[in-house]
Amino acid sequence: MLCTNHHIRFIMLVYLKKYWFIFGLAVIFVLVLGDTTGTLTSSGKWIKNHHGTDLMMCFIFLCSGLMLDTQKIRSGIGNLKSIGAALFLIFIAAPALAFLLGKFPLRYEIIVGFFIVSAAPTTLSSGVVMTTASGGNMPHALLVSLMTNAMAVLTVPLTLPLLLGKPDSGNSIVIDQYALILKIGLLVLLPLAAGLLLRFILKIPPNRPVTTLQLINQLLILTIVGVGLAQARTALFTGGFQIGIILLLAVLFHGIMLSIAALISRALHLPAEFKKSVLFMGSQKTLPLTLMVQVSTFPAYPLALVVCVLHHLAQLFIDGYLVGRLQSAPKRNK
């Protein structure tokens, strides 16, 4: 019995270490829902009103820049077709899919959430990690990640108004595109570039572990999620059925994006390692930028933030399973 209990505890610790970020999100959901005193809500408002989320976002992308290996990024320019495929998926296919989703009779703030997700660039960390773990081309994944996050300063402010439509077409959202460009430039592009420059100045070795920076990034993301969910506490309580719909749609959305990525990779006859990179980098969306856009531009739509978080969870679970399948699959001729 003691051996069995010890074995169970060991397995739980292994899973907790591997999936601690997902457990952290679950804990934050529970804490926010159980906060009957309003302490978290008032703390979240204080952090937001004192530009705490902006500072955290800036530091997240500064750390992300420090973690990017520019030498490996340069070596990822080898296959232009795969770069074009990834850019098409991220900036055209995803918004087009969200546009079609917007035609269904859903709550408008849920549609807004998927618009935000679809307009976002690819991930800066999880996509690269999963590409590498599955045997994909890691330099290509790094290059796509850097390119799309740099391009987001223009693509996000241009894509969102197109998806939302004109204010007189049934919604009342008006986006200040110049303000959004400035915000993404200051909170995303500038700190990302500063992190890359600092990495070059400090001459950080290419293969130096960046576990501490990854941990800091994920803790800051969890804090921003907590701040946003604290503001959305009422919506979480009143929208129980909607939460299930959001999760189902998030799984469906990511599943369709993976299918499109696989079809495009096959149609272009990409080498196996680039297929895997396009599969993960073309379908995943970054969480920090979606949170920033929702908190700063759509605070009146709390369920939109839930969409961003649940979509991120869905892609982590689905792609984690996919990595395992790809690792165990027998090698085929390329």
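## Aromatic pairs

The structure holds 2 aromatic pairs, where rings of Phe, Tyr and Trp (its six-membered ring) pair if their centres lie within 6.5 Å, and planes under 30 degrees apart count as stacked, over 60 as edge-to-face and the rest as tilted. Tyr 108 and Tyr 301 form an edge-to-face pair, at 6.1 Å centre to centre and with 70° between the planes. Because Tyr 108 lies in helix H7 (residues 108-119) and Tyr 301 in the loop between helix H15 (287-297) and helix H16 (302-328), this pair ties together parts that are 193 residues apart in sequence.

Phe 114 and Phe 253 form a tilted pair, at 5.7 Å centre to centre and with 40° between the planes. Phe 114 lies in helix H7 and Phe 253 in helix H13 (residues 240-267), so this pair ties together parts that are 139 residues apart in sequence. Both Phe 114 and Phe 253 are buried, a word that means under 20% relative accessible area, with exposed over 50% and partly exposed in between (1.4 Å probe, protein chains only). Helices (H or I, at least four residues) and strands (E, at least two) are DSSP runs, numbered from the N terminus.

## Basis of the model

This is a predicted model, in which local features need pLDDT of at least 70 and side-chain atom pairs count only at pLDDT 80 or more, while totals for chains, interfaces and linings use all residues. Residues are numbered from 1 along each chain as its sequence is written, and side-chain values use heavy atoms, with hydrogens and water left out.

## Nonpolar core

The largest nonpolar core has 94 residues, and those with the most contacts inside it are Leu 160, Val 225, Leu 289, Leu 291 and Phe 298; such a core is a set of buried Ala, Val, Leu, Ile, Met, Phe, Trp, Tyr and Cys residues joined through side-chain atoms within 4.5 Å.

## Exposed residue

Ile 201 has its place in helix H10 (residues 177-202), and it counts as exposed because its relative accessibility is 54%.
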